[in-house]
Amino acid sequence: MLEVRTPVHDDLIDHLVRTTPLQRGEAARIVLDVLAYFDETTEEFVRRRHRELQSRGNNNPQIFERILSELPHRAVAPPELSLRQLRRIVYG
């Protein structure tokens, strides 16, 4: 497992250990997961969500509508994308 080694992250990990029932390793993993989530590009997010929703049996019209509704709520909202742009991201 990767270890978070910056003072800012150590402080956050210490806070999580103090304020939750998490052990230090669990807290470090959560911090890394959250950072990776917010580091995801718009294209990576669209592809990941398309795969996830498709694996749950949704069809493309449902999937693309759902992704369009989710994009504005990202931590850093990307510019508005059209259905065509979403399809292009997923299928090239």
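**View 1. R74 lies over the face of Y37, 4.7 Å from the ring centre.** A charge counts as over a ring if NZ of Lys or CZ of Arg is within 6 Å of the ring centre and within 35 degrees of the ring normal. The model is predicted: local features need pLDDT of at least 70, side-chain atom pairs count only at pLDDT 80 or more, and totals for chains, interfaces and linings use all residues. Residues are numbered from 1 along each chain as its sequence is written, and side-chain values use heavy atoms, without hydrogens and water.

**View 2. Y37 and F38 form an aromatic pair.** A search of the whole structure finds one such pair. The ring centres of Y37 and F38 are 5.1 Å apart and the planes stand at 85°, so the pair is edge-to-face (rings of Phe, Tyr and Trp, its six-membered ring, pair if their centres lie within 6.5 Å; planes under 30 degrees apart are stacked, over 60 edge-to-face, the rest tilted).

**View 3. R74 forms a salt bridge with E40.** The closest N and O atoms are 3.6 Å apart (a salt bridge is a side-chain nitrogen of Lys or Arg within 4 Å of a carboxyl oxygen of Asp or Glu). Both R74 and E40 are buried (under 20% relative accessible area; exposed is over 50%, partly exposed in between; 1.4 Å probe, protein chains only).

**View 4. E52 forms salt bridges with R48 and R49.** The N to O distance is 2.9 Å for R48 and 2.6 Å for R49. Salt bridges with shared partners join E40, R48, R49, E52, R66, E70 and R74 into one network.
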